[in-house]
Amino acid sequence: FDGMENKKMDLKAKQSIVMVPQNPYLLKRTVFENVAYGLKLRNLTKNLDRDVYEALALVGLEPSFSERKWSQLSGGEAQRVALAARLILKPKVLILDEPTAGVDTNSAQLIKEAVLMAKQKWNTTLFIASHDHNWPNHLCDKKEALFQGEIVESGSVNLLFAPWKKARNGKLVKVFLEG
């Protein structure tokens, strides 16, 4: 990262890389406390209310939503709160694991828009693991296709999606429904 080996990264560099897992973990607190948590850890609380409300707005949530408890959220709302908690940090690198899986269409669109905003506004580098091939194709400069944990395609190429099988020569063969 920025020319540093992983093991030699300082705390500031490590804190500029954030991840939103597929199943977001939220603290058993209010939405406000969840979104504010990262800033509090970094002692960046000068404009906390404003920053939290701005982060919530990025993912399409009103300021009044900040009073809700973690247990009152739908899957899409929880994913958007988790994303707001990362975006409030203005990360240099944002790692997203299936960010739109299992969420409603509206939440998925708001997540996509917030991720695009981070890329455009803060020049955030995105790593997106997704089975939704359409939006990463339009958003990302480079794509990597994995099969059984190995990179099978790389670059700005058109990918043939699974199912595949391995041939005797080790190459992947696309399996069509007709065989």
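Start by selecting D51, which is buried, with a relative accessible area of 16%. Buried means under 20% relative accessible area, exposed means over 50%, and partly exposed lies in between, using a 1.4 Å probe and protein chains only. D51 is found in helix α3. Helices (H or I, at least four residues) and strands (E, at least two) are DSSP runs, numbered from the N terminus. Leaving out residues up to four places away in sequence, D51 touches L39 and I88; contact means heavy atoms within 4.5 Å.

Some notes on the model belong here. It is a predicted model, in which local features need pLDDT of at least 70 and side-chain atom pairs count only at pLDDT 80 or more, while totals for chains, interfaces and linings use all residues. Residues are numbered from 1 along each chain as its sequence is written, and side-chain values use heavy atoms, with hydrogens and water left out.

Now zoom out to the protein chain. It has six helices and seven strands, in the order α-β-α-α-α-β-α-β-α-β-β-β-β along the sequence. Its C-alpha atoms fill a box of roughly 60 × 40 × 30 Å, taken along the principal axes. Of its 179 residues, 37% count as buried.

Next, show α2 and α3 together. Their axes come within 10 Å and cross at roughly 115 degrees. Axes are lines fitted to C-alpha atoms, for helices over the stretch in contact, and angles run from 0 to 180 degrees between N-to-C directions. α2 and α3 are therefore roughly perpendicular to each other. Angles under 35 degrees count as roughly parallel, over 145 as roughly antiparallel, 65 to 115 as roughly perpendicular and the rest as oblique. To see the contact, select V31, F32, V35, A36, L39 and K40 of α2 with L48, D49, D51, V52, Y53, A55 and L56 of α3. By class, this contact has ten nonpolar, no polar and three charged residues. Here Ala, Val, Leu, Ile, Met, Phe, Trp, Tyr, Cys and Pro count as nonpolar, Asp, Glu, Lys and Arg as charged, and the others, Gly among them, as polar.

How do α2 and α4 lie relative to each other? The axes of α2 and α4 come within 7 Å and cross at roughly 30 degrees, and the two helices are therefore roughly parallel. Their contact is made by V31, N34 and V35 of α2 and V81, A84 and A85 of α4. It has five nonpolar, one polar and no charged residues.

Now select the largest nonpolar core. A nonpolar core is a set of buried Ala, Val, Leu, Ile, Met, Phe, Trp, Tyr and Cys residues joined through side-chain atoms within 4.5 Å. Of the 37 residues in this one, V35, V52, V81, L83, L87, L94 and V115 touch the most other members. Elements giving two or more residues to the core include α2 (31–41), α3 (48–58) and α4 (75–87). The largest share, seven residues, comes from α5.

Finish with two residues. L87 is in contact with L58, V59, L94, A114, A118 and W122, leaving aside neighbours within four places in sequence. A114, in helix α5, is buried, with a relative accessible area of 1%. Not counting residues up to four places away, A114 touches L58, V59, L83 and L87.
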